[in-house]
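Open the model in your viewer and keep the selection tool at hand. This tour makes a few stops and says what to select at each.

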Amino acid sequence: MSAHSATAHGHATHEHHDMGFLKTYVFSTDHKMIGRQFMFLGLVMFILGGLLALVVRWQLAWPETAVPGLGSILKETGGVLEPAQYNMAFTMHATIMIFFVVMPILAGGFGNFLIPLMIGARDMAFPLLNMLSFWTAVPATILMLLGFFVPGGHAAAGWTSYAPLSADVQWTGVNWGQNLWCISLFILGISSMMGSINYITTVINMRAPGMSLFRMPLVIWSLFITAILLLLALPVLTSGVAMLLFDRSLGTSWFRPSGGGDPLLWQHLFWYFGHPEVYILILPAMGIASEILPVFSRKPIFGYHAMAFSMIGIAFLSWIVYGHHMFVSGMNPALGMSFMITTMVIAVPSAIKTFNWLGTLWGGRITFPVPMCNALAFVSMFVIGGLSGIFMASTPVDIYIQDTYFIVAHIHYVVFGGSIFGAFAGIYFWFPKMFGRMMNSGLGYVHFWGSFIFFNMTFFPMHIIGVGGQMRRIYNPMQYEFLQPQQHWNVIITVGAIGLGISQIPFFINFFMSMFKGKPAPLNPWNSTTLEWGASSPPPHLNWGPKLPEVHRGPYEYSVPNESADFSPQTQPVHAPAGGRRH
Amino acid sequence: MLNWWLPENVSSFGRDIDWLFHLIYWITMLTGILVFVALIVFLVMYRDRPGRKATYTHGNTTLEIVWTIVPALILVVLTFLSAPAWSKIKMSMPATDLVIQVTAKQFNWQVAYPGPDGKFGTDDDKKFLDEMHVPVNKPVKVILKSQDVIHSFFVPNFRIKQDAVPGREINAWFDAMKPGKYEWPCAELCGFGHSGMKGWVYVHSADDYVKWAAENLKGDAAPAQEEKPKS
């Protein structure tokens, strides 16, 4: 297999060179290159988003002391963060992590790389549109970064940018920062719309012979559903930020009460996008875990149909739960009652998924390579994030915990514990196919254990200080008598956060070293069944040889009785006599 | 065990909130423990060892039904238990003659009592900055407004939180059961001075409140306090 992979690799490189550097690495229409580009974008921004988080944490643990390393940037204060700068730091931390890290890596990176390969297509349905999608995200990123350098500073009204705080310069003193925030997200919205149309069309029309919808790997289901949510949710945000920009610059009054507008309209628009957005962030990670658990348990996924339908259920319900972000906003409390019911209901499909992951592990033959460790971390952290969500679903309890650190803990258990661990799992798992080389597993374990331990040290105590009443987005907890006795937790959290940051160093070293120096990867290093492992590593332009792969069975045929290997690729014809599985 | 995390509750409906909080705490705690024990047991029991073969199964419909129905039932019950408290706190208003108007602004709570004429917006309104005085064991109606951006009325010991939205008047209420001095922060990001935007709610015994009202709410006795500078 190795020898074969070596020649295939040579072949792939050869084809790449034929197309010239610019068309291969920069303005590429190849879905795999675009996927890698999105992933690089996300990883680079991950560093910036993480550093901003550390700045925020430093201020909360040791308020109004000089932040190490910021002395040269904040010359006037010698590195001490001012309240307005603190607001800017947490606003941009969340904006970057959500829009420029998790979305590009999971939806942009894995979506592009995996969809055509795993359904047996040669490329996306619209390769040029795909390239445009990435090259629209680039100016959006540049504009967002530009905001750090304009007078008045970057947006500082929270990533939710509640109007009227965000709608008028006079309330924050932020002028072009907030404008650029709007313009950047507007452009990014267009980028994601192009991407999602492409994903949906590709999944519907470009599946290889035999790849019926219910033979699709669950990660493809998850990306397909994510694309539908993106297509329907992002335009609402895109319109919202345009309206906000008009309020700020053209004098309209969509959200400004002084001109007859309604601040709650912004919240309705924002959360109508914002709640599906949460599932946009988590569904691909769920899909990734659903790929990895069967491979390293050597077992079919437990309840394939339940898994697919629970994701469809989540997608439907995600449109009618958004009001739970607004229980105490002044929205009619009768609406709070109905949003509580739907929010409770949406917990059910998540529970179904968790139990099916457990069922997949049950009776398996489990090994623990780095991707599996990260996938298991995803499952367990998602359980905590899911359970803490029930507190918020109960409207009376939400009255108390809304806008406290309990919410911050919850969102990080879902988006870091869930999405980011899912992304790590996926990167370690598919890296051999993406770059034709293996990542170093020693560094991988260091990264995993460091991240897992420090993640919990950082985010678990946030539940405690949240229950204690600490509000989110405050600059200095010591200004409040009732928060002073629990300040030691803030120190513990910050130490954890610093550890979490340091733990990412081996990951970045591993990622970029392995790209060039890693051990050449065999075609199918994990003995996996899905189509992408049948392509060479990395697959050439247009993915397959002259003939498309032909699909004969479901995606998770591991340890099939009476078959010689413990994995039966989707392309392997079923020889079993009548009475075989329906897959 | 969470009682030392939650600040002391002194409001009537706070008991309902804390009861639900603890109920959900035990439900999620138990579920979490069950899931983690199962996870760890499976990882240990079914780890790869020489000779081990994985079970070939695609699932079990009975199990799927069980683990759909059981969480659904628990959540439905939780919804029914939560609804009355929500309805009591946010959808109804106990009869009371004590009405206080709170107008939030960057970065203060402006408190107004109607004065002898019983009306807001007249010259005899009694105004205070960042402090509110109420009697114990008496429902207080708060008319919540904002003159600039969104703020949020939060008194941790009362378990009350309600956003103040410019352009709207939102009614809220509480009934404090223990005299004392309670911190009153703003819980919604409202600008660079958000942190430190806070006041105090003073809950007086019935007698003390009468005394305080006589000194501060009648006639011209109490001059409106000057705005204090914010750091």
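The stops below cover a helix pair and then a sheet with its neighbouring helix. Keep in mind that this is a predicted model.

**Stop 1: a helix pair in chain A**

Select residues 127-146 of chain A, which form helix α5, and residues 176-205 of chain A, which form helix α7. Their axes come within 8 Å and cross at roughly 165 degrees. Angles over 145 degrees count as roughly antiparallel, and α5(A) and α7(A) are therefore roughly antiparallel to each other. The crossing of α5(A) and α7(A) is left-handed.

Now show side chains at the contact. What kinds of residue make up the contact of α5(A) with α7(A)? There are 15 nonpolar and seven polar residues, and no charged ones.

**Stop 2: a sheet in chain B**

Move to chain B, where three strands form an open sheet of mixed pairing, in the order β4-β10-β9. Select β4 (131-135) and β9 (180-185) of chain B: these stand at the edges with a single partner strand each, so one side of each has no neighbour in the sheet. From one strand to the next, the twist averages 25 degrees.

To see one pairing, pick B:Val134 and its bridge partner in β10(B), B:Val203.

**Stop 3: the helix across the strands**

Finally, select residues 206-216 of chain B, helix α3. This helix lies across β4 and β10 of chain B and runs at about 130 degrees to β4(B).

How values were computed. Residues numbered from 1 in each chain as written. Chains lettered and ligands numbered in written order. Predicted model: local features only at pLDDT ≥ 70, side-chain atom pairs only at ≥ 80, totals over all residues. Axes fitted to C-alpha atoms, helices over the stretch in contact; angles between N-to-C directions. Helix = DSSP H or I, 4+ residues; strand = E, 2+ residues; numbered from the N terminus. Parallel < 35°, antiparallel > 145°, perpendicular 65-115°, else oblique. Left-handed = near helix turned anticlockwise from the far one by under 90°. Nonpolar A, V, L, I, M, F, W, Y, C, P; charged D, E, K, R; others polar. Pairing = 2+ DSSP bridges. Contact = placed C-beta atoms within 7 Å.
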